[in-house]
Amino acid sequence: MEGDRSFLEQVDRWVTDAIRAGGGASLDDLVCRLPGVYPTDVRDAVDRLAARGELESSVAGQLRRRACAPRTGIVPAAHLPVPHPLDYDWRFSGAALERLVAECEQRSDGARVVVVGAPTVFWALRERERVPATLLDSNRAVVEAFTARRDFEALLCDVGRDRLPEVAAPVVFLDPPWYGEYEQLFLWAASRLARDGATVLISLPAEGTRPGVSDENEAALRRARIWGLEVTWREPGALPYFSPPFEQNALMAAGLPGLPTEWRRGDLVMLTAREGLCGDRPTAVAASPWDEVAVGRVRIRVRGATGGQSCGDSPRLLQLVPGDVLDNVSRRDPRREQVTVWTSGNRVFGCESPSELRSILVVLASDPKEGNVEVTEQLTHGTRSSNINTTVEQLSALLTLEATELAAMGWAA
């Protein structure tokens, strides 16, 4: 596609400019200097430039060598549920949280702040207790992780479908999934939640995130003007994100383990709320067909487990990709359509009988230590016991592997 080709050419220019500016110490250093370009795209750009003779062989060789960052074991708000890739759940690093909390406190005059889709920002505001805050989030597991506290409420709310609370906030902070339809929904919600003259802050993807992302951002901001939100300023790359476990695993599967955990950055945009048109809510994103079962910290989604059609009687996990880990986090990957089972570690599988698989997971989640025996006793009726036993063995190995990975990444049990 023409847009993809133009984007790759732009990535080549960014890489060339960064190297000339002194960013050729390692691939890890180069990735952190670019405007949100995915690391495998950076690696591919180095290869293209070297093949065309536009990089000296010594420079290309140095860039192909890695300077793997040591794991810090520090995860902001690690008590929250582990992010799952199907939630498009990236969370801010400590530096970003400090910046955002300061912005909210400074601009709120002590009145209630509304935070949409950013649980770590809400968590940080709760920790400081300087201004009251309300979190709106569509992720039930995240909302339920917050105990009730005076002046701080976490509400289960899908801004694409649910009724918004009646507030007139001086500050609204938005962290939508980085796709145009979500950005527009969140901005529309902000126009209903913000009082006249309020500050609306939103994190948007940097221009190097993927092809067409700049056009998506601008389209969302144009719609925002109709709803009375005027852009005041924009600070590119101001908000570092902490790379979630699923992204770290995807990069490892792609041959790039140990990248700095804060390489991904978003742009911080400030808008001011004025009286706008009363436009209809943008079209909501289609509802998720996935059911979730959490076993300890490991979260597993199963598609079609409720009311879906099985294509066989076996609940076994079926391999879809080598090593089972999907090697990217892109919504554009066509292989996603084949996935029936998806873990918080970005492992993907097929399955003939997702409802049966979910039943096994539910038993394992109730008591992982005794689950193997209980599964065999409860679920062998109507299904070959060999399939059940094999599935239990697969799931037990999978859960042990992902729990070990999470602990190594700083997500304590």
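1. Helix H9 lies across strands E6 (194-205), E7 and E8, and runs at about 140° to E7. Helices (H or I, at least four residues) and strands (E, at least two) are DSSP runs numbered from the N terminus. Axes are lines fitted to C-alpha atoms, for helices over the stretch in contact, with angles from 0 to 180 degrees between N-to-C directions.

2. This is a predicted model, in which local features need pLDDT of at least 70 and side-chain atom pairs count only at pLDDT 80 or more, while totals for chains, interfaces and linings use all residues. Residues are numbered from 1 along each chain as its sequence is written, and side-chain values use heavy atoms, with hydrogens and water left out.

3. The sheet is open and has eight strands in the order E1-E7-E8-E6-E5-E2-E3-E4, with mixed pairing. Its edges are strand E1 (91-92) and strand E4 (152-156); each has a single partner strand, so one side of each lacks a neighbour in the sheet. Two strands pair if DSSP finds at least two bridges between them.

4. Within this sheet, E7 (residues 229-242) and E8 (residues 265-273) pair in the antiparallel sense over eight bridges. Pro-240 has Arg-265 in E8 as its bridge partner.

5. The axes of H8 (residues 180-193) and H9 (residues 213-226) come within 9 Å and cross at roughly 25°. The two helices are therefore roughly parallel to each other (angles under 35 degrees count as roughly parallel, over 145 as roughly antiparallel, 65 to 115 as roughly perpendicular and the rest as oblique).

6. Gly-180, Glu-183, Gln-184 and Leu-187 of H8 meet Glu-216, Asn-217, Ala-219, Ala-220, Leu-221, Arg-223 and Ala-224 of H9; contact means heavy atoms within 4.5 Å. The residues of this contact divide into five nonpolar, three polar and three charged. Here Ala, Val, Leu, Ile, Met, Phe, Trp, Tyr, Cys and Pro count as nonpolar, Asp, Glu, Lys and Arg as charged, and the others, Gly among them, as polar.

7. Gln-184, found in H8, counts as buried at 14% relative accessibility. Leaving aside residues up to four places away in sequence, Gln-184 touches Ala-219, Ala-220, Arg-223, Trp-227 and Pro-282. Buried means under 20% relative accessible area, exposed over 50%, and partly exposed in between (1.4 Å probe, protein chains only).

8. Thr-400, in helix H13 (residues 385-408), is exposed, with a relative accessible area of 52%. Thr-400 and Ser-385 are 15 residues apart in sequence and 22 Å apart in space, C-alpha to C-alpha.
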